[in-house]
Amino acid sequence: MKGIAVETTWFFIIILISIVVGLSIILALRERISQFFYCNLYLKIFPTQQIPEFCKSNQPKTERIKIFANNHLEAISKFAEYILDCWKLTEKYKVKEDYMCYELEFFSVPDDLAISVEDLSKYFKNYYNCQEIQMKSYNCGYRDDIIWNVKNDIILKGSIVLIVYRAEEDKIEIIS
Amino acid sequence: MKGIAINIVFLFIMGLIATIIVASIYLAIKNFVIDYFSEKPQTKKFKELEVKYLEYQISESFLMELGKQCARESIDNYACLNGYVVCYYIYSKHSFQNLAIPYVDEFSYKNKTILIDTRNFDNNKNNTLIVFDCNQKTVYFLN
């Protein structure tokens, strides 16, 4: 009788341990399991137009911003701050792949707006002393953190500018 | 003694498997219930088609980057379950004649090789659709 009681106790202890271990595994991998079973399998079998929130990426998302500025300096300042923000964001999240941080539209800005790469380097020199973003080719710091890939080299009113982090080069590319 | 050890291991594994199955079913049902009863906006899909009108001459890099972004966002958000995603409609004041877009290009994202196929891109026109085909893992420029 005593033997059976000891056996039953062991039985429960082992089952309990296995449940704890099993739950720990599930909890640790909960997000991936949900995504695998629900987002991958279920939605494939029953395709829906609506993608549930938890199936959407939880990494930072590309923001689409309209730039409003009363003058040239204000426009450059806003532009530069978004570049800086992208630089810090990708560092914070340790982004390992190319990532588009912002899509800026120079929406309501002076008609004669013309931002060049030199304007940007001057801003980083004057306001950040080339400590954060460096642009060696324009006498600002010791590295070239910016790749300027803008048609005709100038950003004009109405331009849409993409601020993209290039993981391989560890640089920010400005595309327009 | 050996028999007892085998029993213990057997019990442990069975308990583990049963727990994982039950918990997975619970999670799947829970997700289904959350999804079913959650308030759904009128607009569907993870991303509305974005229409961009451009007054100035754009660059090849700009269009190619939007193509890459279309693929990245579609993959990140499981939008690929729907087969293909129409991301952007670009139309410009100017034609795309100045654009020397590569015939076929490729890039890598999340260990997947994504192709950018511009064979159907007509640069005499001034508009294009940017579409990501999830099955082919290819971004198409259509006009």
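1. Among the elements of chain A, which has the lowest mean pLDDT and which the highest? In this predicted model, the lowest mean among those elements belongs to helix α2 (residues 30–45) of chain A, at 74, while the highest, 96, belongs to strand β7 (residues 171–175) of chain A. For chain A as a whole the mean pLDDT is 87, with 95% of its residues reaching 70 or more. Chain B averages a pLDDT of 83, and 89% of its residues score at least 70. For the model, the scores are ipTM 0.74 and pTM 0.76.

2. A reader new to the structure may wish to begin with the domains. The assignment for chain A gives domain 1, covering 2–53, and domain 2, covering 63–175, and the C-alpha centres of these two domains of chain A lie 47 Å apart. Chain B is likewise divided, into domain 1 (1–40) and domain 2 (50–142), and here the C-alpha centres of the two domains of chain B are 43 Å apart.

3. Within chain A, strand β1 (residues 63–68) and strand β2 (residues 99–108) pair in the parallel sense, and six bridges are found between them. Two positions along this pairing can be picked out by eye: A:R64 stands opposite A:E103 in β2(A), and A:F68 stands opposite A:S108 in β2(A).

4. Two residues of chain A deserve a look at the backbone. Most residues other than glycine have a negative phi. A:N139, however, has a positive phi of about 55° although it is not a glycine, and this residue is found in the loop between α4 (117–128) and β4 (146–149) of chain A. A:D170 also has a positive phi of about 55° without being a glycine, and its place is in the loop between β6 and β7 of chain A.

5. Are these two residues buried or exposed? A:N139 counts as exposed because 11 other C-beta atoms lie within 10 Å, where the cut-off for exposed is 12 or fewer. A:D170 has 13 other C-beta atoms within 10 Å and is therefore partly exposed.

6. Turning to chain B, one finds two helices and six strands, and from the N terminus on these elements run α-β-α-β-β-β-β-β. Of the 143 residues in chain B, 27% are buried. Among the contacts in chain B with a separation of 6 or more, 62% are accounted for by residues 24 or more positions apart.

7. One loop residue of chain B can be described in some detail, namely B:N124, which is found between β4 (112–117) and β5 (127–133) of chain B. B:N124 is exposed, because 8 other C-beta atoms lie within 10 Å. Once its neighbours within four places in sequence are left aside, B:N124 is in contact with B:S95 and B:Q97. B:N124 and B:N98 are 26 residues apart in sequence, and their C-alpha atoms are 9.2 Å apart in space.

8. How many residues of each chain take part where chain A and chain B meet? On the side of chain B there are 35 residues, and they are in contact with 43 residues of chain A. The elements α1 (2–37), β1 (50–54) and α2 (60–76) of chain B each supply at least two residues of the side that touches chain A, and α1(B) gives the most to that side, with 13 residues. By residue type, the side of chain B that touches chain A divides into 17 nonpolar, ten polar and eight charged residues.

Notes
Residues are numbered from 1 along each chain as its sequence is written. Chains are lettered from A and ligands numbered from 1 in the order in which they are written. This is a predicted model: local features need pLDDT of at least 70, side-chain atom pairs count only at pLDDT 80 or more; totals for chains, interfaces and linings use all residues. Helices (H or I, at least four residues) and strands (E, at least two) are DSSP runs, numbered from the N terminus. A residue is buried if 20 or more other C-beta atoms lie within 10 Å of its own, exposed if 12 or fewer, and partly exposed in between; C-beta atoms are placed from the backbone. Two residues are in contact if their C-beta atoms, placed from the backbone, lie within 7 Å. Domain bounds come from an automatic or database domain assignment. Two strands pair if DSSP finds at least two bridges between them. Ala, Val, Leu, Ile, Met, Phe, Trp, Tyr, Cys and Pro count as nonpolar, Asp, Glu, Lys and Arg as charged, and the others, Gly among them, as polar. pLDDT is the predictor's confidence in each residue, from 0 to 100.
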